[in-house]
Amino acid sequence: MTTLVFYSEFDSYSEWSALLAPHLPGVTICCAEEVLDANDVHFALAWKPPHGFFAPYRNLKLLVNLGAGVDSLVGRDDLPDIPIIRLSDPDMARMMAGYVLFAVLRYARDIPAFERAQRERRWHYLHPRVPSSVRVGVMGLGELGAFAAQELARQGFAVRGWSRSQKTIAGIECSSGLASLDDFLSESDILVVMLPLTPSTSGLLSQQRLAQLPKGAAFINVSRGAIVDQAALTCALQLGDIAEATLDVFDREPLPPEDPLWRMENVLITPHLASVAIPASAALQVAENIQRAARGEAVSNQVFPERGY
Ligand SMILES: NC(=O)c1ccc[n+]([C@@H]2O[C@H](COP(=O)([O-])OP(=O)(O)OC[C@H]3O[C@@H](n4cnc5c(N)ncnc54)[C@H](OP(=O)(O)O)[C@@H]3O)[C@@H](O)[C@H]2O)c1
């Protein structure tokens, strides 16, 4: 008997099991409370399971993280020593790119200024800028970042990308490593943060680093709040050093009602939904990885806990 155990408070068990079952004949898919024999559990599909969740499953071969972000998983002290994979889902990347495009285009086309003018019934002509004159910096060129950067380049923006290792992506001026970060920031009229949260990226965008952005830059964060010094960001937005921000993620979520960001006209807040896992587009890739693990073969989209993503 081979069992796949499912755990998530956010994702639909019935949807995932219905999508996976046709690809996994011979595998029983069930929730933790339905497991008959813990020794039969060879695979786990989980999002933020409680501490100690994995302990009964001594024969686990593969853990599938039900999302792209793994920061809440890799730091745990109860992780089994088995391959861990994250979702790699083309529709999730497309949904994220859509959010990023919306936020970048909103700034590049001065929409916030028109929204303010409309509230005052004021005809406020600002001559449109050509996209190639707008420098967009994308921090993180992974599954989601590289896709969004390419979509931005297709719109004609001058796109720069920054990552840990050097990348070559057509139409994107790529740089890598901490030594190039200040230059990268100083050339980003619009900055899009798409890094994973790891020990190396936590607090990376400190007050000093935010100060490297051109005066009046726009700031978009769709990755994790803790990558940015939120107090320093708030202060820079109050002073106008950073002109506008679109924030989907925060150092505390939900963002507390008393947080000053809520009341700032130059800040657009969304509740951590820039992109979500889409089972219909991710299930096949998950099933293929489970089949590979069952055959003892290498899996794709592996997460490396020691590097944090
Ligand atoms: N808001 C939402 O709704 C939402 C939804 C899904 C995901 N997310 C967030 O988006 C993040 C990015 O997702 P992804 O799938 O694109 O991640 P990914 O495929 O793991 O790619 C991460 C990218 O960041 C770079 N990176 C990692 N550490 C770095 C460092 N210390 N310095 C410079 N670059 C570094 C990596 O560089 P290398 O290429 O050199 O490895 C890679 O390019 C996730 O981790 C998650 O937190 C948010």
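**Contacts, fold and ligand shell**

Biologist: Among contacts between residues at least 6 apart in sequence, what share joins residues at least 24 apart?

Modeller: In the protein, 62% of them do. Contact means heavy atoms within 4.5 Å.

Biologist: What am I looking at, and how is it numbered?

Modeller: This is a predicted model: local features need pLDDT of at least 70, side-chain atom pairs count only at pLDDT 80 or more, and totals for chains, interfaces and linings use all residues. Residues are numbered from 1 along each chain as its sequence is written, and side-chain values use heavy atoms, with hydrogens and water left out.

Biologist: How many helices and strands in the protein?

Modeller: The protein has 9 helices and 13 strands. Both are DSSP runs, numbered from the N terminus: helices are H or I with at least four residues, strands are E with at least two.

Biologist: And why call it as compact as a globular protein of that length?

Modeller: The radius of gyration is 21 Å, close to the 19 Å that the globule rule gives for 309 residues, so the protein is as compact as a globular protein of that length. The radius is taken over C-alpha atoms, and the rule is 2.2 Å times the number of residues to the power 0.38. Along the principal axes, the C-alpha trace spans about 70 × 40 × 35 Å.

Biologist: What percentage of the residues count as buried?

Modeller: Of the 309, 52% do. Buried is under 20% relative accessible area, exposed is over 50%, and partly exposed is in between (1.4 Å probe, protein chains only).

Biologist: Ligand next. Which residues come nearest?

Modeller: There are 30 residues around the ligand, and Arg86, Leu144, Ser165, Lys167 and Tyr309 come nearest. To be near, a residue needs a heavy atom within 4 Å.

Biologist: What classes make up that shell?

Modeller: It has 13 nonpolar, 11 polar and 6 charged residues. Ala, Val, Leu, Ile, Met, Phe, Trp, Tyr, Cys and Pro count as nonpolar; Asp, Glu, Lys and Arg as charged; the others, Gly among them, as polar.

Biologist: Which side chains have an N or O atom by a ligand oxygen?

Modeller: Arg86 has one 2.7 Å from an oxygen atom of the ligand. For Arg224 the distance is 3.2 Å. A backbone N or O atom of Ser275 also lies 3.0 Å from a ligand oxygen.

Biologist: How much of the ligand does the protein bury?

Modeller: Taken alone the ligand exposes 940 Å², and the protein buries 92% of that. These areas come from the Shrake-Rupley method with a 1.4 Å probe.

Biologist: Which elements give two or more residues to the shell?

Modeller: Those are α5 (143-154) and β7 (158-163). α5 gives the most, with 3 residues.

Biologist: New topic, backbone geometry. What joins Glu253 and Pro254?

Modeller: A cis peptide bond, with omega about -5°. Pro254 lies in the loop between β11 (242-247) and β12 (267-269). Most peptide bonds are trans.

Biologist: What is phi at Lys48 and Arg121?

Modeller: Phi of Lys48 is near 50°, and Arg121 has a positive phi of about 50°. Neither residue is a glycine.

Biologist: Where do they sit, and are they buried or exposed?

Modeller: Lys48 lies in the loop between β3 (41-46) and β4 (62-65) and is partly exposed, at 46% relative accessible area. Arg121 lies in the loop between α4 (111-119) and β6 (135-139) and is exposed, at 81%.

Biologist: Last one. Is Thr246 buried or exposed?

Modeller: Thr246 is buried, with a relative accessible area of 0%. Its place is in strand β11. Leaving aside neighbours within four places in sequence, Thr246 contacts residues including Tyr99, Arg106, Phe219 and Leu268.

Note on methods: Polar contact = N/O pair within 3.5 Å; in protein donor to acceptor, adjacent residues only side chain to side chain.
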